[in-house]
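Here's a quick briefing to read with the model open beside you.

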Amino acid sequence: MSDILTVENLDAFYGESQVLFDVSLSVDENGVVGIFGRNGMGKTTILESIVNRIDRKTGTVRFRDRDISGLAPHEIIRDKIAYVPEDREIYTALTVRENLELATPKGLSEAEQEERIANVFDRFERLDERSAQLGGTLSGGEQQMLAIGRGLVTDPDLLLLDEPTEGLAPIIVDEVVEVLDDLVTQNRAVLLVEQNITRTLPLIDRGYIIESGRIVADGDNEELGDEELHEEYLTV
Ligand SMILES: Nc1ncnc2c1ncn2[C@@H]1O[C@H](COP(=O)(O)OP(=O)(O)OP(=O)(O)O)[C@@H](O)[C@H]1O
């Protein structure tokens, strides 16, 4: 199967300090790929490099056959990549519906925009019930759903998700995992960054483990289920 995303020999820096070293990875069309690692290992920086939100990087990022390494973040998003960052970046003073409206691409007819939003409400009943509620008053799990919903209204071919289960109570993690499980059965590719390998490993087809900015292991979800790998690279 062909790749939707190919990252080759990526190095990334914050100022003088290098945080990614020769990272190469790929996501196949409709594939679900995970990147796992402890805090501060460089997972977010990989996603930020893909959407070019990083000051200094070298290496190549290709979306399908196109080199997108030099594109501005908004051009990358227009290229049908949605990025759901770790801090969710929802508008706390706007309602759920307004958050979704703002994320819907310009240039669609009103009917098309409405359809995109209706699709999100169909998928996330909790958001539908709270459509007039302010973003800042949602629970952590609901905010995560809204952040994912904001990605989905762009109808992306590739969804980049940064730690969607982070900071959520176990019962809410269950709900978010259910949402992700549903998402990954659709015709779109997902690149998921997580510390929580136990809960999210069943969702992925393939994955990578990162340690101090370097990929140290990769494999299918059975191979990445190895306890020794978890001990060495993931247990805190
Ligand atoms: N804006 C920044 N300026 C300087 N250093 C940074 C910046 N952002 C991240 N770093 C550093 O880069 C390294 C990788 O951080 P990154 O956020 O990519 O890790 P992570 O694996 O996503 O961890 P976390 O789960 O904590 O977000 C860390 O050492 C971090 O301190």
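**Around the ligand**

The shell around the ligand divides into three nonpolar, six polar and two charged residues (nonpolar means Ala, Val, Leu, Ile, Met, Phe, Trp, Tyr, Cys and Pro; charged means Asp, Glu, Lys and Arg; the others, Gly among them, are polar). Keep in mind that this is a predicted model: local features need pLDDT of at least 70, side-chain atom pairs count only at pLDDT 80 or more, and totals for chains, interfaces and linings use all residues. Numbering runs from 1 along each chain as its sequence is written.

- The residues around the ligand are Tyr14, Val19, Gly37, Asn39, Gly40, Met41, Gly42, Lys43, Thr44, Thr45 and Glu86 (near means a C-beta atom, placed from the backbone, within 6 Å of the molecule).
- Helix H1 (residues 43–50) gives the most to this shell, with three residues (helices are DSSP runs of H or I with at least four residues, strands are E runs of at least two, and both are numbered from the N terminus).

**Helix H1**

- H1 is largely enclosed by the rest of the structure, because seven of its eight residues are buried (buried means 20 or more other C-beta atoms within 10 Å of the residue's own, exposed means 12 or fewer, and partly exposed is in between, with C-beta atoms placed from the backbone).
- The buried ones in H1 are Lys43, Thr45, Ile46, Leu47, Glu48, Ser49 and Ile50.
- Just after H1, Asn52 takes a positive phi of about 60 degrees.

**The six-stranded sheet**

- Six strands make an open sheet with mixed pairing, in the order S6-S7-S8-S3-S9-S10 (two strands pair if DSSP finds at least two bridges between them).
- Its edge strands are S6 (81–84) and S10 (214–220), each pairing on one side only.
- S7 (residues 158–162) and S8 (residues 189–194) are parallel partners over five bridges, and Leu159 stands opposite Val190 in S8.
- H1 packs on this sheet, touching S3 (32–36), S6, S7, S8 and S9 (206–211), and its direction makes about 145 degrees with that of S7 (contact means C-beta atoms, placed from the backbone, within 7 Å; axes are lines fitted to C-alpha atoms, for helices over the stretch in contact, with angles from 0 to 180 degrees between N-to-C directions).
- S9 and S10 run antiparallel, joined by six bridges, with Gly207 opposite Gly219 in S10.
- Their hairpin has two residues between the strands, and Ser212 there takes a positive phi near 45 degrees.

**The four-stranded sheet**

- Another open sheet has four strands in the order S2-S1-S4-S5, with antiparallel pairing.
- S2 (17–28) and S5 (66–67) each have a single partner strand, so one side of each is left without a neighbour in the sheet.
- S1 (residues 3–14) and S2 run antiparallel, joined by eight bridges, and Ala12 stands opposite Leu20 in S2.
- H1 packs on this sheet too, touching S1, S2 and S4 (56–63), with its direction at about 70 degrees to that of S2.

**Nonpolar core**

- The largest nonpolar core has 61 residues, and those with the most contacts inside it are Ile81, Val84, Leu158, Leu160, Val190 and Leu191 (a core is a set of buried Ala, Val, Leu, Ile, Met, Phe, Trp, Tyr and Cys residues joined through C-beta atoms within 7 Å).
- Leaving aside neighbours within four places in sequence, Val190 is in contact with Val32, Leu159, Leu161, Leu183 and Val184.

Definitions and conventions:
Two residues are in contact if their C-beta atoms, placed from the backbone, lie within 7 Å.
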